[in-house]
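Welcome, and please open the model in your viewer. We will go from stop to stop, selecting a few residues each time.

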Amino acid sequence: MTPVPDIIIDEHLTRAKPEYIAVCLYILRWRKEAANQEPSIERTAMALGLTNSAVADALMYWAGFGFNLAHKPPETARLLNRPAYSVGEIEKAAGSSDDVRFMFGMAERIFGKPLTYNDMSLLMGFYDWLALPVPVIEVLLDYCVSSNKKNSRYLEKVAINWADSGITTVDEAEAYIKTWGNDYREILKAFGHSRRDPTSKEVAYMRKWLREYELPLELVLEACGATVINTGGTSFAYADSIIENWRKKGITTLEQVKADDQAFRDGKASVERMEKPAPAARQKSRFANYKGREWDFAELERLAAEYADKAAEG
């Protein structure tokens with residue numbers, strides 16, 4: 001028997017591509033028999049009748065949700081299938097394609113220097129291997145260079161991420177930059193982390209909240225703040241449970257959250273008043289019915305005088 005995490009069945013059985021499920025099950029089965037070692041991409045592809053690229057795509061998918069089925073970084077696995085472009089192939093592409101010529105000229109302008117062979121080969125990979133449109137590549141380069149991240153390793157990592165995210169238009173690219181550059185940072189800051197990048201599992205949560213559920217950022221930040229107050233730390237899973245509870249109630253705005261909280265407090269106070277025992281009736285003191293004696297002060301004076309006279313005679 002091969003154990004399979006429940007979340008794969010509960011959330012991914014209908015969401016993931018069939019080949020992604022097949023890769024996951026094959027690797028889990030292999031690990032059980034091979035001392036927790038995963039098979040190579042090539043072996044997995046051969047066993048399942050898939051291409052190496054399809055297996056690498058599956059590994060990238062699972063890594064995005066925190067399931068690292070491969071010991072190598074998923075983008076490294078993907079890079080095993082990156083084509084190598086010769087100088088002749090690059091020259092031919094530039095000579096026959098207006099898009100490629102424009103891409104090279106645009107890249108020189110953004111980089112502020114003449115392109116090297118490695119630069120052109122990298123860009124050809126974005127255009128040909130990853131199939132990113134030239135306008136999207138332009139946004140990508142401008143975004144990375146303006147963030148002072150110009151090394152080819154970083155550029156390629158971002159390009160792979162965009163390709164796997166299905167980004168094909170400038171609007172989608174700019175929306176992704178806004179989400180990653182601003183919204184993700186704000187969420188991490190709400191958890192008290194302003195100087196680190198999110199993990200792949202954290203990105204999966206944030207992508208679900210902001211892109212799949214299309215929740216406003218202020219609502220997500222409210223859930224993060226409530227998480228820190230209730231748990232004293234960072235817990236994306238706890239914040240997710242808060243958001244899921246709000247979704248069940250149809251809550252989609254911060255105003256609705258505040259109204260729901262007030263209704264909860266009012267209901268709780270009402271229940272407490274109903275359950276609070278009535279104060280016990282105070283027992284009357286045994287002196288409660290005591291009536292003060294009515295003294296006859298004239299008689300007291302007469303008795304005192306009489307007592308004095310007798311004392312003098314004696």
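Start by selecting Ala226, Ile242, Trp246, Val257 and Asp261, which lie nearest the centre of the second largest pocket, among its 13 lining residues. (A pocket is an open set of points on a 1 Å grid over the protein atoms alone, where a 1.4 Å probe fits, with protein on both sides within 12 Å along at least five of seven lines; lining residues have an atom within 4 Å of a point.) This is a predicted model, so local features need pLDDT of at least 70 and side-chain atom pairs pLDDT 80 or more, while totals for chains, interfaces and linings use all residues. Residues are numbered from 1 along each chain as its sequence is written, and side-chain values use heavy atoms, without hydrogens and water.

Now colour helices H13 (217-231), H14 (236-248) and H15 (254-275): each supplies at least two residues of this lining. (Helices are DSSP runs of H or I, at least four residues, numbered from the N terminus.)

Next, select Ile110, in helix H7 (residues 98-111). Is Ile110 buried or exposed? Ile110 counts as buried because its relative accessibility is 13%; buried means under 20% relative accessible area and exposed over 50%, with a 1.4 Å probe and protein chains only. Show Glu138, Leu141, Asp142 and Val145 too: Ile110 touches them, not counting residues up to four places away in sequence. (Contact means heavy atoms within 4.5 Å.)

Finally, pick Leu140. Leaving aside neighbours within four places in sequence, its contacts are Phe126, Leu132, Leu155, Val158, Ala159 and Trp162.
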